Amino acid sequence: MRTTLTSIYQAKYGHPTVYVSAPGRFNLIGEHTDYNLGWVMPGAIDKRLHFVMGENPNPDEVRVWAANLQEGVVVPLEAIQPSQVVAWDNYLRAVMLEWKAAGYPLRGFCAVFGGDIPIGAGLSSSAALCCGLILGLAALHRLDVPRLRVALMAQAVEHRIGLQCGLMDQYAVLFGRAGHLLQLDCRTLSFGYVPLRMEEHALLLLDSKVKHALAADSGYNERRQSCERIAAQVAQQYPQVQSLRDVTPVMLESMRTLVAPEDYRRANYIIQENERVLKTVELLQRGDWSALGSLLLEAHLGLRYAYKVTCPETDFIADTAMQLPGVLGVRQVGGGFGGCVLVLLLRTCIHEVVTQLTASYRNHTGLHLEVYPIKTANGAEAVGIAHEV
Ligand code: GLA
């Protein structure tokens, strides 16, 4: 990919000086807990966006070519105006605005990017895009920008485009490590690496092909508001509470008649999901895959019936998979309303499960189920490109 993008760059813009790659992510467990300052367990995956970048001889202009889409933009630096439309060039514009807002200098540059992270599949293609561009800007301007700042800027970009997301995706993209998951505490932003060693078992991502655009009015922001509202109500009784992370089941129960039933249901899911993440760490250490499978299923049912962010297609995949021999657990991954379903299964059953699932899914929806075996990968990297003549 790097070679192809470099050739395109050379043909369009001349000599590139920086190469960046940024992975997508999956999340084993801990969904919608990040903006409630709880815990998450994502990992970077071996699907990446690659960027080849260099200086633009015109210091007042940015030229970027999206190789997958075969389209490009030219942005004059004095008129960077992102709209809230979920499109790659708006992320680019919003990245530039956040970069400037952080006080960094911005000179004109050129870039060509492309990759194999499916868009709208719940695998954080937008976090990879934003983190990759920011790391590229840092390298182009020879600035040492700490990764924490990169994560915060990339999150601010999502907020600008309209998604009030947490920091899980950016952390997985920036700090992922091959062979490991990240256990991130979203309050302190401290994290550790948990080895993901699977011999007899495997994880697959099943892409429902139902595209979500979370930033565009999906109900994601509404759920976040719900969580913050109820946390504030609980805090009136229990002043130590700053977010749902601090709310115990007993506290929530004591507030049941005082809060909106929908908020209660959502908060209950978050509290249980945080507990599931902590339990998952123990299960992984013990290698208790069958208990992990049950926990994943429990998490999916929480997303389906309590948090209500699944869709008929991902529920169909989950229900069908659970009927098949060798499947231990399933869970929709990411913000929801479509995207991928994670399946934990016995390695020996992969072929049979994939064959049956793709056939049932096609019969039921007419859609092709894409299957990605999970392979964890390292986080984003930026390197200089030696002058190639
Ligand atoms: C999206 C957001 C993340 C997180 C997940 C749900 O991916 O960007 O911050 O909230 O949804 O866990």
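In this predicted model, a polar backbone atom of histidine 32 lies 2.7 Å from an oxygen atom of the ligand, a polar contact being a pair of N or O atoms within 3.5 Å. An N or O atom in the side chain of aspartate 34 is placed 2.5 Å from an oxygen atom of the ligand, and a polar side-chain atom of arginine 25 is found 3.0 Å from a ligand oxygen atom. Taken alone, the ligand exposes 310 Å², of which the protein buries 97%, with accessible areas computed by the Shrake-Rupley method and a 1.4 Å probe.

The ligand is surrounded by 14 residues, each with a heavy atom within 4 Å of the ligand, and the closest are Glu31, His32, Asp34, Asp169 and Tyr220. This shell comprises six nonpolar, four polar and four charged residues, where Asp, Glu, Lys and Arg count as charged and Gly is among the polar ones.

The chain is divided into domain 1 (2–195 + 377–384) and domain 2 (201–373), with bounds taken from an automatic or database domain assignment. Between the two domains, the contact (heavy atoms within 4.5 Å) takes 37 residues from domain 1 and 45 residues from domain 2. Each of these domains supplies at least three residues to the shell around the ligand.

Residues are numbered from 1 along each chain as its sequence is written. Local features need pLDDT of at least 70, side-chain atom pairs count only at pLDDT 80 or more, and totals for chains, interfaces and linings use all residues, while side-chain values use heavy atoms, with hydrogens and water left out.

Note on methods
Polar contact = N/O pair within 3.5 Å; in protein donor to acceptor, adjacent residues only side chain to side chain.
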